Amino acid sequence: MNTPGAYFRLVRAGWIMVREGVVAALPGDQLAGFPKFAWNTARLFARRRAMGKDRSERLSRAIARLGPSYVKLGQFLATRPDVVGTEMAADLALLQDRMETFPKVQSITAIEGSLGRPAGELYLSLGDPVAAASIAQVHEAEVERDGVVSRVAVKVIRPGVRRRFFRDLESYFLAARLQEKYIPSARRLRPVQVTETLAQTTKIEMDLRLEAAALSELAENTKGDPGFRVPSVDWERTGRDVLTIEWIDGIKLNDLEALHASGHDLRAIAANLVQSFLRHTLRDGFFHADMHPGNMFVDAAGTIVAVDLGISGRLTKKERRFLAEILYGFIRRDYRRVAEVHFEAGYVPAKHDISAFAQAIRAIGEPIHGQPAETISMAKLLTLLFEVTELFDMETRPELVLLQKTMVVVEGVARTLDPAFNMWKTSEPVVGHWIAENLGPRGLLSDAREGVAALVSFARQAPELAARTEKLTREIDAMAEHGLRFDEGTAKAIGRAEARHTRSGRIALWVIALTLLFIAWKLV
């Protein structure tokens, strides 16, 4: 149910976007009718000083005024160019998740409330905050374990952020439902489902125990990998609202001068970064999805240490196979096979002509093969591929979009470290090894073992499935004989829902009317 507050918050957000010139910065020259009128009106209401800035600056200022919940919304939509468009996604990707710090005493209250022990017992010392973002801030601290004193980083949830987010989330769902109801072209993008994904991912990010678990899983996956690791978790000092990990002494990947001065081999670091990411993606199906240079450190030994694992991605074996086969198909210029993989995975509807789809893919692949290898971007290739597949009704795959967004960031960081970086040559050992292991004879044996295991599991469940089928058959027979009937409670519930829907419509009209009166009064 949408409350009046959700309508007010949605109108307020729209008004701020108008005043900060965000709506006016959107391309509107090709619009017609009412959308054109609304765009021109938005230009009139925009602040004069906002009109002198570029769109990314306007967007940053508007979202800063709207608060932490909208920072998370912006960061989330930056990973969904299929929803907001490529240009807007690029602008959102520039958003800096930097907020004012909150008082240390509030951190202490959160720590003690989450862990149930005095902060003085948990930490020898707890310093002032060193960094703050929309959801949490970080303190440097010291702990004693077995008589040894060590430095740790303590991440603490921002007070009231959950309440604020869930309140704003109501208006996000309202906007999504209005889109689906009144904009038919938006239904393919499934805005309500996108909002549900945002709600779920942010809920996970606001429970620091789950970030700790992600760090632990990635550490286990990469314990034998060269040149990559994540901080260890102090589980004794970790709870829902607090995460304690080892303190990392290192140089951020965006500090090129410091990396040079320390004698690090930037080309080797670039290759290590990309190969590590591909190993996590293809081998493990679990990857760090926020690998911007501020989250990557290089320690004294030249090892990359990744922090802040609030956002992670997962790929099933089917999706990993899909990714490897399309990359391999582009390398071999086997566009027919690339097309077949999309149909076999069920991503492109069978109603389309596979030859026409292969022709569209050829239009992507052939120009690439005429370029020097060091100028070919694997991330751009995936971006172009997703644009083409949209023409053939391929439904949005959020996990693949998140992968593509992360690959854009990783490849960009690698090219910053090494301007002559060759993405294909660097990735070939990892991709080739995975293909040999999973698509060759070994892969067939592995698939056969999984098939046998699935048959055994099905056989064990056969009696229960038979009983369920028999029960369902009886219920269908009864329905056919007596018809579908609602009990009294269900009928009353349907009546109440219809009444609520009517009231919500009236409330929405009053909210809109009052808002227009308020704007008119302000202008007078």
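**A walk through loops, helices and rings**

Let's start at Asp 308, which sits in the loop between strand S9 (304–306) and strand S10 (312–314); strands here are DSSP runs of E, at least two residues long, and helices are runs of H or I, at least four, numbered from the N terminus. This is a predicted model, in which local features need pLDDT of at least 70 and side-chain atom pairs count only at pLDDT 80 or more, while totals for chains, interfaces and linings use all residues. Residues are numbered from 1 along each chain as its sequence is written, and side-chain values use heavy atoms, with hydrogens and water left out.

Back to Asp 308: its phi is near 55 degrees, a positive value in a residue other than glycine. Its relative accessibility is 29%, so Asp 308 counts as partly exposed (buried is under 20% relative accessible area, exposed is over 50%, and partly exposed is in between, with a 1.4 Å probe and protein chains only). Now look at Asp 146, in the loop between strand S2 (136–145) and strand S3 (148–157). Phi of Asp 146 is also positive, near 55 degrees. Asp 146 counts as exposed, because its relative accessibility is 82%.

Next, a pair of helices. Helix H1 (residues 4–19) packs with helix H5 (residues 55–66) at an angle of about 150 degrees, and their axes are 9 Å apart. That makes the two roughly antiparallel, a label for angles over 145 degrees. On the H1 side, the contact (heavy atoms within 4.5 Å) is made by Arg 12, Ala 13, Ile 16 and Met 17, and on the H5 side by Ala 62, Ile 63, Arg 65 and Leu 66. Sorted by type, these residues come out as six nonpolar, no polar and two charged.

Finally, the rings. There are seven aromatic pairs in the structure, where rings of Phe, Tyr and Trp (its six-membered ring) pair if their centres lie within 6.5 Å. In one of them, the rings of Phe 165 and Phe 166 have centres 5.6 Å apart and planes at 70 degrees, so this pair is edge-to-face (planes over 60 degrees apart). Phe 165 is buried, at 2% relative accessibility, whereas Phe 166 is partly exposed, at 36%.

Phe 343 and Phe 357 make another edge-to-face pair, 5.9 Å centre to centre with 70 degrees between the planes. Phe 343 lies in helix H17 (residues 335–344) and Phe 357 in helix H18 (residues 354–369), so the pair ties together parts that are 14 residues apart in sequence. Both of these residues, Phe 343 and Phe 357, are buried. Ring pairs also bring in Phe 392, linking it with Phe 343 and Phe 357 into a cluster.

Note on methods
Axes fitted to C-alpha atoms, helices over the stretch in contact; angles between N-to-C directions. Parallel < 35°, antiparallel > 145°, perpendicular 65-115°, else oblique. Nonpolar A, V, L, I, M, F, W, Y, C, P; charged D, E, K, R; others polar. Phe/Tyr/Trp six-rings, centres within 6.5 Å; stacked < 30°, edge-to-face > 60°.
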